[in-house]
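Student: Can we go through this model together? I'd like to start with the sheet.

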Amino acid sequence: MLNKTILFEKAIQILTSQGKFYINLGLDRVKKLLEFYDNPQDKIKCIHVAGTNGKGSTCAMLASVLTQAGYKTGLYTSPHLVDYTERVKINGKDISKEEFADLIFNIINTAEKNNIHATEFEILTVLAFICFERDAVDFAVIETGLGGRLDATNVVKNPLISIITTIDLDHVDRLGDTIKKIAFEKAGIIKPNIPVITSKDNKGLEVIKEK
């Protein structure tokens, strides 16, 4: 039987293979994949955060405040510094390499068996939602990967709140070459009748208000 370290390394190897490691914005694949796990994202209370600058810090601070207040809190961010497990935390602690590897194998197997060509980020997003629902977190703070409207995390239908941090020019090849276009993509996380927080000095404020 392979030991835990070898299993984890093998999981990373498969996850980062050429067939997975690419960007392909859209929600169809991740939605199909999540259905096989009974849509865990619909069973947890999420705080959804998008933006160009400061979204990672905002997520980390929110998760820390909620944890210190006594709530069991999940945090999903990207990228990582050392290990992929850093992307999925519960009460400030990375998920175990064993759990990570088990879920990666399971999710990739489900995707391939059902002919779903999921990307690395989509697989990780599914993993995070499964972990948070399985561990019955009180809140999950979710950071978008790229943009918002077509980002895999935007499968969250009814977040408790949507937060849009500072917007600036980024990923212009995918999100558009103007602040207005980029703000439109970031504002895609806004849902009907859900509160939105942003800065009055945000460059994309007019687009956000319109949305």
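Student: Which residue does isoleucine 163 stand opposite in E7?
Tutor: Isoleucine 163 stands opposite isoleucine 197. E6 (residues 161-164) and E7 are joined by 3 bridges and run parallel. Two strands pair if DSSP finds at least two bridges between them. Strands (E, at least two residues) and helices (H or I, at least four) are DSSP runs, numbered from the N terminus.

Student: What should I know about where the numbers come from?
Tutor: This is a predicted model, where local features need pLDDT of at least 70, side-chain atom pairs count only at pLDDT 80 or more, and totals for chains, interfaces and linings use all residues. Residues are numbered from 1 along each chain as its sequence is written, and side-chain values use heavy atoms, with hydrogens and water left out.

Student: OK. What is the strand order in the open sheet?
Tutor: The order is E4-E3-E2-E5-E1-E6-E7. That is 7 strands, with mixed pairing.

Student: Which strands stand at the edges?
Tutor: E4 (93-94) and E7 (196-198). Each has a single partner strand, so one side of each lacks a neighbour in the sheet.

Student: And what holds paired strands together in general?
Tutor: Strands of a sheet pair through backbone hydrogen bonds, either parallel or antiparallel.

Student: Now E1. Is it enclosed or open?
Tutor: Largely enclosed by the rest of the structure, because 5 of the 5 residues of E1 (residues 46-50) are buried. Buried means under 20% relative accessible area, exposed means over 50%, and partly exposed is in between (1.4 Å probe, protein chains only).

Student: Which way do the E1 residues point?
Tutor: Cys46, His48 and Ala50 point one way. Ile47 and Val49 point the other way.

Student: How many bridges join E1 to E5?
Tutor: There are 4, and E1 and E5 run parallel. Within that pairing, valine 49 stands opposite glutamate 143 of E5. Histidine 48 stands opposite isoleucine 142 of E5.

Student: What about E1 and E6?
Tutor: Those two strands are joined by 4 bridges and run parallel. Isoleucine 47 has isoleucine 161 of E6 as its bridge partner.

Student: Back to E5. Which of its residues are buried?
Tutor: Phe139, Val141 and Glu143, which point one way, and Ala140 and Ile142, which point the other. With 5 of the 5 residues buried, E5 is largely enclosed by the rest of the structure. E5 also runs parallel to E2 (residues 73-76), with 4 bridges joining them. One of the bridge pairs is threonine 73 with phenylalanine 139.

Student: Switching topic: how many residues are in the largest nonpolar core?
Tutor: It has 41 residues. Phe100, Ile104, Ile107, Leu127 and Phe132 have the most contacts inside it. A nonpolar core is a set of buried Ala, Val, Leu, Ile, Met, Phe, Trp, Tyr and Cys residues joined through side-chain atoms within 4.5 Å.

Student: Which element gives the largest share?
Tutor: H5, with 10 residues.

Student: Which residues does isoleucine 104 contact?
Tutor: Ala11, Leu15, Ile123, Leu124 and Leu127, leaving aside neighbours within four places in sequence. Contact means heavy atoms within 4.5 Å.

Student: What about alanine 128?
Tutor: Alanine 128 is in helix H5. At 1% relative accessibility, it counts as buried. It touches Tyr76 and Val88, not counting residues up to four places away in sequence.

Student: Helices next. At what angle do H1 and H4 pack?
Tutor: About 40°, with their axes 9 Å apart. Axes are lines fitted to C-alpha atoms, for helices over the stretch in contact, and angles run from 0 to 180 degrees between N-to-C directions.

Student: What do you call that arrangement?
Tutor: H1 and H4 are therefore oblique to each other. Angles under 35 degrees count as roughly parallel, over 145 as roughly antiparallel, 65 to 115 as roughly perpendicular and the rest as oblique.

Student: Last one: is arginine 29 buried or exposed?
Tutor: Arginine 29 counts as buried, at 17% relative accessibility. It lies in helix H2. Arginine 29 touches Asn24, Ile116, His117 and Glu122, not counting residues up to four places away in sequence.
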